[in-house]
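Please keep the sequence and the model in view while reading.

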Amino acid sequence: MTSTCFKKFQKLLTIQNVARSQNPSVPLVYSGVGVKKKLTAALCQVNVHLFVQCFTFIVIPFLLHIVVLLLQTSPLEAHLLDGLRLLSCMPPPVSSAVLLTKAAGGNEAAAIFNSALGSFLGVFITPALILATVGSTAHVPASAIFLQLSSTVVLPLILGQMLRAAYKRKLERNRIPFGAIGSIVLLVVIYTTFCDTFSHREIHVEEMSLVSVVMLVIVLQAGLMMLVFAVSKCSFLGLQPADTVALVFCCTHKSLTLGIPIIKIIFGGYDGLSVISIPLLVYHPVQILLGGLLVPTVKAWLITTERFRYMYPSRQRFAQFLQV
């Protein structure tokens, strides 16, 4: 009994050591191995992919840029405002949007595909957006950024896919809980990042500024989700209710696993590095908590919508119902 507990504790320490280095490779390898073949079925949903990627990398940066401009005269510290700009540039997460979409009964295949696609595009688009919005404080060659991000983001995903292809039968037979393992590692990454951020004595953030950022992030998250929900129900987009569920989560979530390494690479040595990371550190748990609270409501809406479509197959009447 004692030896078993010791082995479990030793494994936990190993996970904490990996996460303490804030290297996203481990959870990304698990994600790469855990992705299933059903991604190929989502390739044809071009309208869904365009919606997610455009909203993630165009609409959100534009909207948050306007919000930051409006807050220039507010008491919020400049570093926190820069952090909001950085937050808007982040790619979607690898797993949280997929898990919430699956829990709500949405289009899981589209969520998986767009999470993977957004994470890959983020390696190139996110640094470019950061340099364009907060470029005055980032002086790192683009080639160096690409090489470092490739070694910590792209290669682990490729490695995960290679491992899955090589050991497909063993993985399916043993049913290894990749999702649970990745979630544990990610939670430890969040914990250690919070500790690292607030352990620096030179950091001084006013309590009101911090509370204001937390409240602002909650409002922004809720507002973005409502915006996606309203727009995705427009009939001319040709989206199904299950697609709307996937869009609500995929379009509004931001990746901490990819975001922290990107920020560290671009702003390495910058005095305000820890402070500008605060909005992203706050946004990540908020999106999970808020998403988890909304899952029952979204699932009930989806069931009601699907039932109505079955009862009234007329496309015109169904479109009218979606607008309600």
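Which residues of helix α5 (residues 96–104) are buried? They are S96, A97, V98, L100, T101 and A104; buried means under 20% relative accessible area, exposed over 50%, and partly exposed in between (1.4 Å probe, protein chains only). Just after α5, G105 adopts a positive phi of about 80°. Helices are DSSP runs of H or I with at least four residues, numbered from the N terminus.

The model is predicted: local features need pLDDT of at least 70, side-chain atom pairs count only at pLDDT 80 or more, and totals for chains, interfaces and linings use all residues. Residues are numbered from 1 along each chain as its sequence is written, and side-chain values use heavy atoms, with hydrogens and water left out.

**Helix α3**

Helix α3 covers residues 46–70. Its 25 residues should span 36 Å at 1.5 Å a residue, and the end C-alpha atoms are 35 Å apart, which agrees; the expected span is 1.5 Å times one less than the number of residues. A kink of about 45° in α3 is centred on F55, the bend being the angle between axes fitted to the seven residues ending there and the seven starting there.

Among the buried residues of α3 are F51, F55, I60 and L64. The buried residues of this helix pack against the four helices tabulated here, where contact means heavy atoms within 4.5 Å.

| Helix packed against by α3 | Residues |
|---|---|
| α4 | 78–89 |
| α6 | 108–133 |
| α10 | 207–232 |
| α11 | 241–250 |

I66, also in α3, is partly exposed because its relative accessible area is 34%.

**Residue R85**

R85 lies in helix α4. Because its relative accessibility is 12%, R85 counts as buried. Not counting residues up to four places away in sequence, R85 touches H65, V68, Q72, T133 and V134. The C-alpha atoms of R85 and L129 are separated by 9.3 Å, although these residues are 44 residues apart along the chain.

Methods. Helix = DSSP H or I, 4+ residues; strand = E, 2+ residues; numbered from the N terminus.
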